Amino acid sequence: MVNRAPSDGPAAPAMHTARSVRTVLGDIGPTGLGVCNAHDHLFLRSPQLPGQELADAEAAAAELNAFRAAGGAAVIQWTPYGMGRRAAELPRLARESGVRIVAATGLHQAAHYSPELLARVHGDLAGLFVTELTEGIGGTGPRAGMIKVAGGFHGLDRHARHTMAAAAEAQRATGAAIGVHLELGTGALDVLDLLCGTLAVPPDRVILGHLNRSPDLVVHRTAAEAGAYLAFDGPSRAHHATDWRLPEALAALADAGFGDRILLGGDTTTAAARSVNGGPGMPYLLGRHRERLARTLGKDLVARFLTANPAHAFAADWAPTG
Ligand SMILES: [Zn+2]
């Protein structure tokens, strides 16, 4: 299933430098990813979203089929540890839909967990993340292909700092990219100071999420200059400054030479938002949203946001294991 270097041949060193994307069906070359929804959820459960759980595997399958029919080829699920990822379901869903799926390890804000769960994992978070990235999720599940962490509103609390330190350690050990939930899109530069400054994570291993929610073009540009990837995810939210500010924000980045840093995602977080339940869901990203962006930025640039950029962002030089 997983491509590994043979133990008896001179090909081994070359294999170690080949970057690959770790999907739930095994590692693939970056160009195999195709049109990629760089931040979304098939399964999600949080006490913050009571009654809106993404827990229905058949609805997830239908959503993937709708995404595939719209031209989609890959979905990165940013659901971290302890939030109902349903990792064991993901290989089957990937196989049946033909959509590549990347799973996440990592930890969200403390508010998404019980105190008991946090107490249980607090002591060796890095070890947990590394195990999920290299051996598999929950013992028998697929391997995670990225690390998800979260900041706070214009700052980082003790939980966020602890989680990010563990993520940096796991990043160093594995090569995986770190995706960051920015609360309402804020705190990007605090996150980069901590992850890339204090903790020495290479900036191109950091993906800042939800930047669309805070259309501060100066912050966007500063983060891009630092070398991080910028994810503009979660379109179609009436209460966020998302879709209508996005062409302007992305054009400013592209004009400044940072078109290669931009990722796009859907970030479906509730059952009601699924297209199969009448919401915009995953297909919206490749429908109205893509059309809207292409009118301003041109088809080729938008295609780059959806293919070449995620291929670079999620491909890792995975440390050899075993
Ligand atoms: Zn998300």
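Residues are numbered from 1 along each chain as its sequence is written. Because the model is predicted, local features need pLDDT of at least 70 and side-chain atom pairs count only at pLDDT 80 or more, while totals for chains, interfaces and linings use all residues.

An unreviewed UniProt entry puts the feature "binding site" at H39, H41, K148 and D267; such positions follow the numbering used here, feature names are shortened, and annotations may be inferred rather than shown by experiment. These residues span 229 residues in sequence, yet no two of their C-alpha atoms are more than 13.4 Å apart, so they gather at one spot.

Take H41, which sits in the loop between β3 (36-40) and α2 (57-69). Helices (H or I, at least four residues) and strands (E, at least two) are DSSP runs, numbered from the N terminus. H41 is buried, as 27 other C-beta atoms lie within 10 Å. Buried means 20 or more such atoms within 10 Å of a residue's own C-beta, which is placed from the backbone.

D267 turns up in the loop between β11 (262-265) and α10 (281-286), and D267 is buried too, with 26 C-beta neighbours inside 10 Å. Leaving aside neighbours within four places in sequence, D267 is in contact with H39, D40, D233 and G234; contact means C-beta atoms, placed from the backbone, within 7 Å.

As for the core, the largest nonpolar one (buried Ala, Val, Leu, Ile, Met, Phe, Trp, Tyr and Cys residues joined through C-beta atoms within 7 Å) has 88 residues. Its largest share, six residues, comes from helix α6 (residues 158-174).

Definitions and conventions: Buried ≥ 20, exposed ≤ 12 C-beta atoms within 10 Å, placed from the backbone. Contact = placed C-beta atoms within 7 Å.
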